[in-house]
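Subject: Structure for you to look at

Hello,

Here is the structure I promised to pass on. Please open it next to this email and follow along.

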Amino acid sequence: MTIDARFQNALSILEAGSDMARSWFDEAHFRVEQKDDGTPVTEADRSVERHLRDELSRHFPDDGLLGEEFPEVEGTSGGRWIMDPIDGTKSFIHGVPLYSTLLAYESAQGIEFGAIALPSLNRLVYAQSGRGCFDGQGRRLETSSRREVHGAYVLSTWLEDWPAELIDRIQNQDGVIRTWGDGFGYALVAAGQADAMIDFTVSPFDVAPMPVIMREAGGIFTDFGGLDSIYSGVGLATATRELHDCMLRDLAATAGAPTQDSSD
């Protein structure tokens, strides 16, 4: 077994939730509403998160719960599960199969477990601290060896919030920018199929699995100031320390790019 029984149990809960998401996606009959912040939410988002919460509460009653669609539940164990039932709801609504279901476990030591399920692609990426990063077939995943922006595949969920200067800096170094985003983009970096992922707008549940997944695959996840945090509102994942340093320098040199923790 590549991970502890506790996290293997959580992984089974996630996989059942991702099966639900795929069923909703395949049926394509669901109501779409607008949340207060203007972002869309569907019956599928709420149904999948309800399943995750119910099962996690049943198996781990002392743990807290943090998700996108329902209020936080405080626990007594000092740990909590962080989930996003459908990461990439806009893709999901438009019939694009690049959405994901995310789950992570956070303790006082940080993120100890993280998983990205890609229901319609039949892909899974998961990691436990100190145990490595694996796919759904139990094969170990490793990031690429890319150490510079030249030739790097740099991903993002969208480019609307990117400063134009950053796009120019990456392209002038012969970096390739693609919007293969949300959890899918981070899964590609972990598997060595892309080299970096930059997100200017994220919530904790969007990126909670990424610190442990990237670390165990050989890469790095931080905010734009180099801080290991999922609470800064931004995210940077890279395949190597050298590439990470390059990307941090480019972000720091770019007008309009936040470089400090924005959680306070």
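Below are notes on the sheet, then on the pocket.

First, the ground rules. This is a predicted model, with residues numbered from 1 along each chain as its sequence is written. Local features need pLDDT of at least 70, side-chain atom pairs count only at pLDDT 80 or more, totals for chains, interfaces and linings use all residues, and side-chain values use heavy atoms, with hydrogens and water left out.

The sheet

Start with the open sheet of six strands, in the order β3-β4-β5-β6-β7-β8. Its pairing is mixed. Strands here are DSSP runs of E, at least two residues; helices are runs of H or I, at least four; both are numbered from the N terminus. Two strands pair if DSSP finds at least two bridges between them. The edges are β3 (64-67) and β8 (132-135), each pairing on one side only. Neighbouring strands are turned by 15 degrees against each other on average, direction ignored. (Axes are lines fitted to C-alpha atoms, for helices over the stretch in contact; angles run from 0 to 180 degrees between N-to-C directions.)

Now look at β6 (residues 110-118). β6 runs antiparallel to β5 (residues 100-107), and seven bridges join the two. They form a hairpin with two residues between them. Leucine 102 has isoleucine 116 of β6 as its bridge partner. Leucine 103 stands opposite alanine 115 in β6.

β6 also pairs with β7, again antiparallel, over six bridges. Phenylalanine 113 has glutamine 128 of β7 as its bridge partner. This hairpin has four residues between the strands, and asparagine 122 takes a positive phi near 55 degrees.

Is β6 covered or open? Mostly covered: seven of its nine residues are buried, meaning under 20% relative accessible area with a 1.4 Å probe, protein chains only. Helix α7 (residues 210-217) packs on the sheet and touches β5, β6, β7 (123-128) and β8. Contact means heavy atoms within 4.5 Å. The direction of α7 makes about 90 degrees with that of β6.

The pocket

The largest pocket holds about 710 Å³ of space. (A pocket is an open set of points on a 1 Å grid over the protein atoms alone, where a 1.4 Å probe fits, with protein on both sides within 12 Å along at least five of seven lines; lining residues have an atom within 4 Å of a point.) Its lining has 27 residues, and Gly88, Lys90, Thr157, Trp158 and Asp182 lie nearest the centre. Elements giving two or more residues are β4 (80-87), α3 (89-93), α5 (182-190) and α6 (204-207).

Best wishes

Technical notes
Points joined across faces, edges and corners; volume = space filled by probe spheres on them. Buried < 20%, exposed > 50% of the residue type's maximum accessible area, 1.4 Å probe, protein only.
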